[in-house]
Amino acid sequence: NDSKLPVICPAFASQVVDKIGSGDALLALLSICLYSNFDENLSLFIGSLAAAQSVETIGNSKSVNKILLLKTISHFLK
């Protein structure tokens, strides 16, 4: 961002099984959201939720589940 201040977002994983791929998931969703002109904070929130999904499985055995991600977003925004 232009203000050079850090943007902070909490981690949402309930249990960490394996960290492999979590950064990739976060950056993939974050970049797609920013490219689509989503707000910075919302983009980071969505990316963080994707990373949380990623750390709950071993390695890259499962991709980020779109339906679960949308349900989680809906739950947090209520």
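Let's start with Ser54, which sits in helix H2. Helices here are DSSP runs of H or I, at least four residues long, while strands are runs of E, at least two long, and both are numbered from the N terminus. This is a predicted model, where local features need pLDDT of at least 70, side-chain atom pairs count only at pLDDT 80 or more, and totals for chains, interfaces and linings use all residues. Residues are numbered from 1 along each chain as its sequence is written, and side-chain values use heavy atoms, with hydrogens and water left out.

Back to Ser54. Is Ser54 buried or exposed? Ser54 is buried, because its relative accessible area is 9%. Buried means under 20% relative accessible area, exposed means over 50%, and partly exposed is in between, using a 1.4 Å probe and protein chains only. Which residues does Ser54 contact, leaving aside neighbours within four places in sequence? They are Asp18, Ile20, Gly21, Ser22 and Ala25. Contact means heavy atoms within 4.5 Å. Val17 is 37 residues from Ser54 along the chain, and their C-alpha atoms are separated by 9.0 Å.

Ser54 also brings us to the pockets. Ser54 is among the residues nearest the centre of the largest pocket, along with Gln53, Lys62, Ser63 and Val64. In total, 13 residues line that pocket. Two elements give two or more residues to the lining: helix H1 (22-35) and helix H2 (40-55). The volume is about 210 Å³.

A word on method. Rolling a probe the size of a water molecule over the atoms shows where empty space is left. The search runs on a 1 Å grid over the protein atoms alone. A pocket is an open set of points with protein on both sides within 12 Å along at least five of seven lines; a cavity is a set where a 1.4 Å probe fits but cannot get out. Lining residues have an atom within 4 Å of a point. Grid points are joined across faces, edges and corners, and a volume is the space filled by probe spheres set on the points.

What classes line the largest pocket? There are 3 nonpolar, 7 polar and 3 charged residues. Ala, Val, Leu, Ile, Met, Phe, Trp, Tyr, Cys and Pro count as nonpolar, Asp, Glu, Lys and Arg as charged, and the others, Gly among them, as polar.

Next, the second largest pocket, with a volume of about 160 Å³. H1 and helix H3 (66-77) each give two or more residues to its lining. H3 gives the most, with 4 residues. By class, this lining has 9 nonpolar, 1 polar and 1 charged residues. Ile46 is one of the lining residues, and Leu29, Cys33, Leu69 and Ile73 are also among them.

So where is Ile46? Ile46 is in helix H2. Ile46 counts as buried because its relative accessible area is 7%. Not counting residues up to four places away in sequence, Ile46 touches Leu29, Cys33, Phe38, Leu69 and Ile73. Tyr35 is 11 residues from Ile46 in sequence and 13 Å away in space, C-alpha to C-alpha.

Ile46 belongs to the largest nonpolar core, which has 9 residues in all. H2 gives the most, with 4. A nonpolar core is a set of buried Ala, Val, Leu, Ile, Met, Phe, Trp, Tyr and Cys residues joined through side-chain atoms within 4.5 Å. In soluble globular proteins, nonpolar side chains tend to be buried together.

Ser43 counts as buried because its relative accessibility is 0%. Leaving aside neighbours within four places in sequence, Ser43 contacts Leu30, Cys33, Leu34 and Phe38.

Now Asn37, in the loop between H1 and H2. Asn37 counts as exposed because its relative accessibility is 69%. Asn37 has a positive phi of about 65°, although it is not a glycine.

Last, confidence. The chain has a mean pLDDT of 88, and 99% of its residues reach 70 or more. pLDDT is the predictor's confidence in each residue, from 0 to 100.
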